[in-house]
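Colleague: I am new to this structure and would like to learn how to read it. Could we go through it feature by feature?

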Amino acid sequence: MKATIFHNPTCGTSRKTLDILRDEGCDVWVREYLKSPPTKGELRELYSRAGITPRMGLRAKEPLAEELDLNRPDVTDEEVLDAMITHPILINRPIVETAKGVRLCRPQEMVREIL
């Protein structure tokens, strides 16, 4: 099975998810999203396929999210997406895409739902 992982190698959950994909024999394309960020359209599509909102995909505990006031109740999807494009560190990870779907793999075992 082919899989794409939006990966941050410094993140333990992301590394564990990548290990699961490789252990399951997946042909994995690793996209280090901090070096090669997704477009706004790509993010919108990934979140739609995962069944989550951009806000649910926001790394809300990242200090920058607080600085940019992205944790307020009335923040819009467009505001979140714009911030993520400008500051990819705000994208919660890992996001994995396979032919069976997309998941934000927190915890890492969620990747098994799309294998």
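Modeller: We will take the sheet, a helix, the cysteines and a loop residue in turn. This is a predicted model, in which local features need pLDDT of at least 70 and side-chain atom pairs count only at pLDDT 80 or more, while totals for chains, interfaces and linings use all residues. Residues are numbered from 1 along each chain as its sequence is written, and side-chain values use heavy atoms, with hydrogens and water left out.

Colleague: In what order do the strands of the open sheet lie?

Modeller: Strands of a sheet pair through backbone hydrogen bonds, either parallel or antiparallel. Helices (H or I, at least four residues) and strands (E, at least two) are DSSP runs, numbered from the N terminus, and two strands pair if DSSP finds at least two bridges between them. Here 4 strands form an open sheet with mixed pairing, in the order β2-β1-β3-β4.

Colleague: How many bridges join β1 to β2?

Modeller: Strand β1 (residues 2-7) runs parallel to β2 and is joined to β2 by 6 bridges. Contact means heavy atoms within 4.5 Å.

Colleague: Which residues of helix α2 are buried?

Modeller: Buried means under 20% relative accessible area, exposed over 50%, and partly exposed in between (1.4 Å probe, protein chains only). In α2 (residues 40-50), the buried residues are L43, L46, Y47 and A50. Seen down the axis of α2, they fall within an arc of 95°, so they line one face of the helix. The arc is that of the directions from the helix axis to the C-beta atoms. These buried residues pack against β1, α4, β3 and β4. After α2 comes G51, with a positive phi near 75°.

Colleague: How many disulfides does a search of the whole structure find?

Modeller: A disulfide is a covalent bond between the sulfur atoms of two cysteines. The cut-off used is a pair of cysteine sulfur atoms within 2.5 Å. The search finds 0. For C11, the nearest cysteine sulfur is that of C105, 11 Å away. C11 counts as buried, at 7% relative accessibility.

Colleague: Where is N92, and what does N92 touch?

Modeller: N92 is in the loop between α4 (77-86) and β3. N92 counts as buried because its relative accessibility is 12%. Leaving out residues up to four places away in sequence, N92 touches G57, L58, R59, L104 and R106.
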